[in-house]
Amino acid sequence: MSLNQLSKILFVFLNCVSVLLGQKKPNNVCPTFRDYFTMANNSKCWYDFAAELTVPDIIRNTGYPIITYKVRTEDDFHLTVFRIPGVNDKKPPVFMLHGVQSTSGIFVGLGKRSIAFQLADAGYDVWLGNYRGTEYSEGHESLNVTQKEFWDHSVDEISRYDVPAMLQLVQYHAGNKGKTIYIGHSLASSAAMMFASERPRLAESLVSLFIFLGPAYKMTNMRSPYRVLFPLFYPALEVTGALNVVQVVSRGYARQLTRPTCMASPVIMLACVTMVNMFIGPFTNIAPETIPVYFNQLPGGTSLKTLTFLRESTKGNFRKYDYGPGKNTFLYGSKTPPEYDIKKITVPIFIIYARNDWATTKQDALYLYKELPEPIRAGIYGVEKLNFNHNDFFFGKDSDELVTKPVMQVIEKFMKKQREKQRHKDKESINNI
């Protein structure tokens, strides 16, 4: 019996014991907004631990083994990476990284239907990353999160230090399973492209395939009305930096306010979802019972400096952080920041977009695909469902069919091609002897 099977049996046994002892948890999720009004005594409602627990506990309580790693970056940040060990040595490791203001919690929030668990069930070695500034990666060799210096980082540092550090960790522990499949949502795709364009050889040595969900490149077609606020990010940085309150704005403190506020009543809950969806897309596939899980995982914390990427991308820029003409000249040798050249990327890229994603739109995804060098265009697929937005990739009730299943098919098809190429190379080598 495998460790995975044993842990699942133990979880079921402990749940049964808990029920027999009368230790049933109070209801915290309901199938409709109307049911939330009478949630405490409503037989239609139930308890979902994903609406309260952290990522490690969600993984354990779902019945899977977990290993937690700490990795130190070149610039001394401490990142946390969670691993669900794979049972099939012939399948490559799959590394997943979240977008802005979220954490690895997005990959495990839907229970057994979550993408992380479905990949684990298929035998993959699953790794869940958390880049700096999120609640799971708030460590540093000499700084702490109450110091504004800790938050003096942008997407540049995430791509330059965090992404390669986590990928090298995976490579070291995955052994001979082969190069990693990288699945990145939103800003995680941006960081991957920045990394792979600046250090193409290292990227190619670590990653065999990038799969980008809702990729964030040049988001000139963003439909969110909130984009009018993006120019305020730079002035906000100056103000918060001067008042030394950057850490208050940047940390996951926001969830300590949003979660109890948004869960206070069904009416407020619906209002909170509506406000969020004005940024990511008003037509959502999220089910009412998933909303408490959603607000338990989001927002996850980030730096204001990282958020400036949104302003730059909606202006059609995919470049390094803009410090202003003077400092830009000192750091980059030019008054304007240099662009990241995605033409230098050598790792194949597969793109999945959502038709009604208001943040990373279909038009911008198609534009990115055309901009990629032809040899690395591994394919593009669209979720054409009307009510499916930017966060429904992982929280939507149909995400397992509309996203997870296609992702797994892409991986299997890519692996098959890789095996065929290797057999062809081996055959040629034998013929040349």
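This is a predicted model: local features need pLDDT of at least 70, side-chain atom pairs count only at pLDDT 80 or more; totals for chains, interfaces and linings use all residues.
Residues are numbered from 1 along each chain as its sequence is written, and side-chain values use heavy atoms, with hydrogens and water left out.

**View 1. Backbone details at Asp 76, Gln 101 and the Leu 298-Pro 299 bond.**
Most residues other than glycine have a negative phi, and most peptide bonds are trans. Here, Asp 76 has a positive phi near 75°, and Gln 101 has one near 60°. Gln 101 belongs to the loop between S3 and helix H4 (115-121); helices (H or I, at least four residues) and strands (E, at least two) are DSSP runs, numbered from the N terminus. Asp 76 counts as partly exposed because its relative accessibility is 25%, and Gln 101 does so at 24%; buried means under 20% relative accessible area, exposed over 50%, and partly exposed in between (1.4 Å probe, protein chains only). Leu 298 and Pro 299 are joined by a cis peptide bond, with omega about -10°. You will find Pro 299 in the loop between helix H12 (291-297) and helix H13 (304-314).

**View 2. His 185 and its surroundings.**
Look for His 185 in strand S6 (residues 180-185). With 4% relative accessibility, His 185 counts as buried. Its side chain reaches the backbone oxygen of His 390 at 3.0 Å. That is a polar contact, meaning a pair of N or O atoms within 3.5 Å; within protein, one must be able to donate a hydrogen and the other to accept it, and residues adjacent in sequence count only if both atoms are side-chain atoms. Setting aside residues up to four places away in sequence, the residues that His 185 touches include Leu 97, His 98, Gly 99, Asn 391 and Phe 393; contact means heavy atoms within 4.5 Å.

**View 3. The largest nonpolar core and Met 96.**
In soluble globular proteins, nonpolar side chains tend to be buried together. The largest nonpolar core in this model has 123 residues; such a core is a set of buried Ala, Val, Leu, Ile, Met, Phe, Trp, Tyr and Cys residues joined through side-chain atoms within 4.5 Å. Helix H5 (residues 155-174) gives the most to this core, with 9 residues. Among the residues with the most contacts inside the core are Ile 59, Met 96, Leu 119 and Ile 183. Not counting residues up to four places away in sequence, Met 96 touches several residues, including Phe 107, Leu 119, Trp 127 and Ile 183.

**View 4. Tyr 369 and its contacts.**
Helix H15 (residues 362-371) holds Tyr 369, which counts as buried because its relative accessibility is 16%. Ile 349 is 20 residues from Tyr 369 in sequence and 8.6 Å away in space, C-alpha to C-alpha. Beyond neighbours within four places in sequence, Tyr 369 contacts Ile 349, Ile 351, Arg 377, Ala 378, Gly 379 and Ile 380.

**View 5. Salt bridges between charged side chains.**
How many salt bridges are there? The count comes to 19, each being a side-chain nitrogen of Lys or Arg within 4 Å of a carboxyl oxygen of Asp or Glu. One of them joins Glu 412 and Lys 91 (3.4 Å, N to O). This pair links distant parts of the chain, 321 residues apart: Glu 412 is in helix H17 (residues 399-432), and Lys 91 is in the loop between strand S2 (77-84) and strand S3 (93-97). Glu 412 is partly exposed at 31% relative accessibility, whereas Lys 91 is buried at 14%.

Another salt bridge brings together Asp 162 and Arg 132 (2.6 Å, N to O). Asp 162 lies in helix H5 and Arg 132 in the loop between strand S4 (125-128) and strand S5 (139-140), so the pair ties together parts that are 30 residues apart in sequence. Both Asp 162 and Arg 132 are buried.

Arg 319 is buried, with a relative accessible area of 15%.

**View 6. A nonpolar patch on the surface.**
Phe 37, Val 267 and Ile 268 form this patch, with about 300 Å² of accessible area together. Patches are made of residues with over 30% relative accessible area and no salt bridge, where like charges are joined within 9 Å and nonpolar side chains (Val, Leu, Ile, Met, Phe, Trp, Tyr) within 5 Å. Accessible areas come from the Shrake-Rupley method with a 1.4 Å probe, and for residues only the protein chains shown count as cover. Val 267 is in helix H11 (residues 266-280) and is exposed, with a relative accessible area of 56%.
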